Structures are given as C-alpha cells and as structure tokens.
Amino acid sequence: MASSFDVVRLTCVVLVCMMVYAPLADAAISCGQVQSSLLPCITYVRNNGQGAPPPSCCSGIVAVNNGAKTTTDRQTVCDCLKKAASALSGVNPNIIAGLPGKCNVNIPYKISTSTNCKTIK
C-alpha cells in the first residue's frame, strides 16, 4: 500500500500539473484527471509489478487513453505521465512503461521520463 508520504508527493505532483496545464483550455483531459485515474496503479508499481495490475488501475488506464482524443490531449497525457513517473522514486521504470500492455491498452508512445511528448500526434 502507498505510504502517506507517497500520497502527499503524488498530491503535490497533481497540484503542480493542474497549475501548469490550467492554461491549456483546449485540452479535454487535465493532468489532474490523469493522476487521479492512475492513482490505483501506485501499489502495483511499488510492489515491482508482481501479479496482475488491479482492475481499478487498468480501468484508469483505459479511461485516460479513451479521453485523449486529440493530439493536444495525447501530448498533455504524455507530459503528465512523464512527471508522475519521475516523481515515483525507487521504482523500476520498465514496470511503469509496461502498465498499458499489462492492461491490454495500446498507447502511441512509451511512458518514460525521456519521451519527447511534443512529437506525439
């Protein structure tokens, strides 16, 4: 289970994302929505990807993927995921990158702190 420190850290990331992306009025999905949708995935990631991701994690991934309908949406989601991945210290980045596949969701980019989100169409 996520420690209270992890929850506070993730909350801070969500708040920062909301402030950064608030001016992007044309984006149909916000960083806050991305973060809250993927919150159920933290335990799975912290446990080094043991077992299957929780159904609530996969439904969050599906919801985020379905909500990213435009190029701007996909770039916004990508930036949010990059920030979230970098905020979760001590986890295997391959576990994070592999989450969509574990949930049978195909996204058009790798979840990585090195992904260039501006190139996503």
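Contact here means heavy atoms within 4.5 Å. In this predicted model, residues 24 or more positions apart account for 72% of the contacts in the chain with a separation of 6 or more. The chain holds six helices and zero strands, and its pattern along the sequence reads α-α-α-α-α-α. Of the 121 residues, 41% are buried. The accessible surface of the chain comes to about 6600 Å², and 60% of that area belongs to carbon and sulfur atoms.

Four disulfides were counted in the model. With the bonded cysteines numbered in sequence order, the pairing is 1-6, 2-3, 4-7, 5-8. One of the disulfides joins Cys31 to Cys80, with an S to S distance of 2.3 Å. This pair links distant parts of the chain, as Cys31 lies in helix 2 and Cys80 in helix 5, 49 residues apart. Both Cys31 and Cys80 are buried.

A disulfide is also found between Cys41 and Cys57, with an S to S distance of 2.0 Å. The torsion about the S-S bond of Cys41 and Cys57 is about 100°, so this disulfide is right-handed. Because Cys41 lies in the loop between helix 2 and helix 3 and Cys57 in helix 4, the pair ties together parts that are 16 residues apart in sequence. Cys41 has a relative accessible area of 5% and is therefore buried, the cut-off being under 20%. Cys57, at 0% relative accessibility, likewise counts as buried.

The sulfur atoms of Cys78 and Cys117 are 2.0 Å apart and form a disulfide. Cys78 belongs to helix 5 and Cys117 to the segment after helix 6, and the pair links these distant parts of the chain across 39 residues. The link of Cys78 and Cys117 is left-handed, with -70° about the S-S bond. Cys78 is buried, with a relative accessible area of 1%, and Cys117 counts as buried at 3% relative accessibility.

The largest pocket has a volume of about 390 Å³. Its lining consists of 25 residues, of which Val34, Leu38, Ile61, Leu81 and Ile111 lie nearest the centre of the pocket. Two or more lining residues come from each of helix 2 (31–38), helix 3 (42–46), helix 4 (55–67), helix 5 (71–87) and helix 6 (93–102). Helix 5 provides the largest share of the lining, five residues. By residue class, the lining of the largest pocket divides into 22 nonpolar, two polar and one charged.

Conventions:
Residues numbered from 1 in each chain as written. Predicted model: local features only at pLDDT ≥ 70, side-chain atom pairs only at ≥ 80, totals over all residues. Heavy atoms only, no water. 1 Å grid on protein atoms, 1.4 Å probe; cavity = no way out; pocket = protein on both sides within 12 Å on 5 of 7 lines; lining within 4 Å. Points joined across faces, edges and corners; volume = space filled by probe spheres on them. Helix = DSSP H or I, 4+ residues; strand = E, 2+ residues; numbered from the N terminus. Nonpolar A, V, L, I, M, F, W, Y, C, P; charged D, E, K, R; others polar. Buried < 20%, exposed > 50% of the residue type's maximum accessible area, 1.4 Å probe, protein only. Areas by Shrake-Rupley, 256 points an atom, 1.4 Å probe, with all protein chains shown as cover. Disulfide = S-S within 2.5 Å.
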